[in-house]
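Work through the exercises below with the sequence and the model side by side.

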Amino acid sequence: MSQPKYFLLTPGPITTTASVKEAMLEDWGSWDDDFNQVTQEIRSKLLKTANAESSHVCVPLQGSGTFAVEATLATLLGPDDKLLILMNGAYGQRIAKICDYLGRPYTTIDTGDYLPPNPEAVRKILENDLSITTVAIVHCETSSGILNPVEAIAEVTQSLGRRLIIDSMSAFGALSVDASKLPFDALISSANKCFEGVPGFGFSLIRKGLLKQCKGNAHSLSMDLYDQWIYMEKTGQWRYTPPTHAVAAFAQAMREHEIEGGTSGRLARYTRNRDQLVAGMRDMGFRTLLEDQWLSPIIVTFMSPEDPAFEFKHFYQELKHRGFVIYPGKLTQTESFRIGCIGQIDTPQINQLLTAIKDVLAVMNVDMSNTEETIQ
Ligand SMILES: *Cc1c(COP(=O)(O)O)cnc(C)c1O
């Protein structure tokens, strides 16, 4: 297969291999044993990736990642539950929005655009408000790229006997998740991020003992992960039409994930991409939003140059012509843009990207001598 039209340096969908795309050339019967085996294979491999085979179950759900987040909240939160949402960006805000729709009570610790939640502040709130049963956190908050301290938060929630739901959409598969060290009740991700599959479904790893108690919580039939789980255990099939081609592509993507060395192999490549990207961009005079300790190997936010000659839309179009699709910023305070490190991208592509950016800055006549400082 030929080189892609352009590389997606975005938070997903991302650039996939030719072999993952080729896995979609077959049609599958959704009730057939062959397809059921593929579903079984990915469910058990996902649990294995999180070292959660004995404690959790994997429930996939048709739709994008948000569908899986909403379904997990709808299924796990009963009428007597209250959620504490640790919010520092768009995806934390989305969890609150989902709770508004579900009519489930919640409270938040909102640390703004780019600051991590403080585990001690979380401890205080949980000690003072005994009605909070569950905490939700975003693993990598893709809107800034910050890597949130999920291990420290899990320690607090576990020590205070609360449940933890992790939106690990843009982290699982590249950042280590070990249920024996990172105690979680549900962890949500999707096919088209760090596992490098195509879009079509999400999944939730849910503590088995908890899910067993969740019958009747969900407000919606198609979002009921308890029902989806029971049906899948009984029949080996998805309730309702599964995204067969996306599932077959994902099985291939998981094989390639293993060949790369699993989570640690993938993390090594993404980290290499990030380090090369950040060093090259800083050489040109760009500044990162976050200081080094918070930079994720998933996506990096760069501040736009001060020079009014820099206009994001123009910059975007010029880069697209040169074979790279980047992502707009999502900050409320500062002009910024984002570049992803995930997907089928490696050293040669980052090199080409940096050359292309240099070229575009020259074409746009941008003066890089006066850029904002990294926020400390
Ligand atoms: C991508 C992403 C989602 C889900 O987004 P969809 O567009 O619904 O697939 C949720 N949370 C985070 C942190 C993400 O990066």
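**Exercise 1: Backbone exceptions in loops**

Tyr 240 counts as partly exposed because its relative accessibility is 45%, where buried means under 20% relative accessible area, exposed over 50% and partly exposed in between, with a 1.4 Å probe and protein chains only. The model is a predicted one, in which local features need pLDDT of at least 70, side-chain atom pairs count only at pLDDT 80 or more, and totals for chains, interfaces and linings use all residues. Residues are numbered from 1 along each chain as its sequence is written, and side-chain values use heavy atoms, with hydrogens and water left out.

Task: state where Tyr 240 is found, and what its phi is.

Solution. Begin with the place: Tyr 240 is in the loop between α8 (225-235) and α9, where helices (H or I, at least four residues) and strands (E, at least two) are DSSP runs numbered from the N terminus. Then take the backbone angle, for Tyr 240 has a positive phi of about 70° although it is not a glycine.

**Exercise 2: The surroundings of the ligand**

Task: find which residues are around the ligand, and which side chains have a polar atom 2.5 Å from one of its oxygen atoms.

Solution. First list the shell, taking a residue as near if one of its heavy atoms lies within 4 Å: Ser 64, Gly 65, Thr 66, Tyr 91, Arg 94, Val 138, Cys 140, Thr 142, Asp 167, Met 169, Ser 170 and Lys 193. Next sort these by class, which gives four nonpolar, five polar and three charged residues; here Ala, Val, Leu, Ile, Met, Phe, Trp, Tyr, Cys and Pro count as nonpolar, Asp, Glu, Lys and Arg as charged, and the others, Gly among them, as polar. Then look at individual atoms: a polar side-chain atom of Thr 66 lies 2.5 Å from an oxygen atom of the ligand, and a polar side-chain atom of Thr 142 likewise lies 2.5 Å from a ligand oxygen atom. On the side of Asp 167, an N or O atom of the side chain is 2.7 Å from a nitrogen atom of the ligand. Finally, of the 390 Å² of accessible area that the ligand has on its own, the protein covers 85%, as computed by the Shrake-Rupley method with a 1.4 Å probe.

**Exercise 3: A strand covered on both faces**

Task: decide whether strand β11 is enclosed or open, and name the strand that bridges join to it.

Solution. Count first: five of the five residues of β11 (residues 299-303) are buried, so the strand is largely enclosed by the rest of the structure. Then separate the faces, with Ile 299, Thr 301 and Met 303 on one side and Val 300 and Phe 302 on the other, all of them buried. For the partner, five bridges join β11 to β14 (residues 336-340), and the two run antiparallel; strands pair if DSSP finds at least two bridges between them. Within β14, Phe 337 is the bridge partner of Phe 302.

**Exercise 4: Aromatic rings**

Task: find how many aromatic pairs there are, and describe the pair of Phe 172 and Phe 195.

Solution. Rings of Phe, Tyr and Trp (its six-membered ring) pair if their centres lie within 6.5 Å, with planes under 30 degrees apart counted as stacked, over 60 as edge-to-face and the rest as tilted. By this rule there are 18 aromatic pairs. Phe 172 and Phe 195 form one that is edge-to-face, at 5.3 Å centre to centre and 75° between the planes. The pair links distant parts of the chain, 23 residues apart. Phe 172 counts as buried at 1% relative accessibility, and Phe 195 is buried with a relative accessible area of 1%.

Methods:
Polar contact = N/O pair within 3.5 Å; in protein donor to acceptor, adjacent residues only side chain to side chain.
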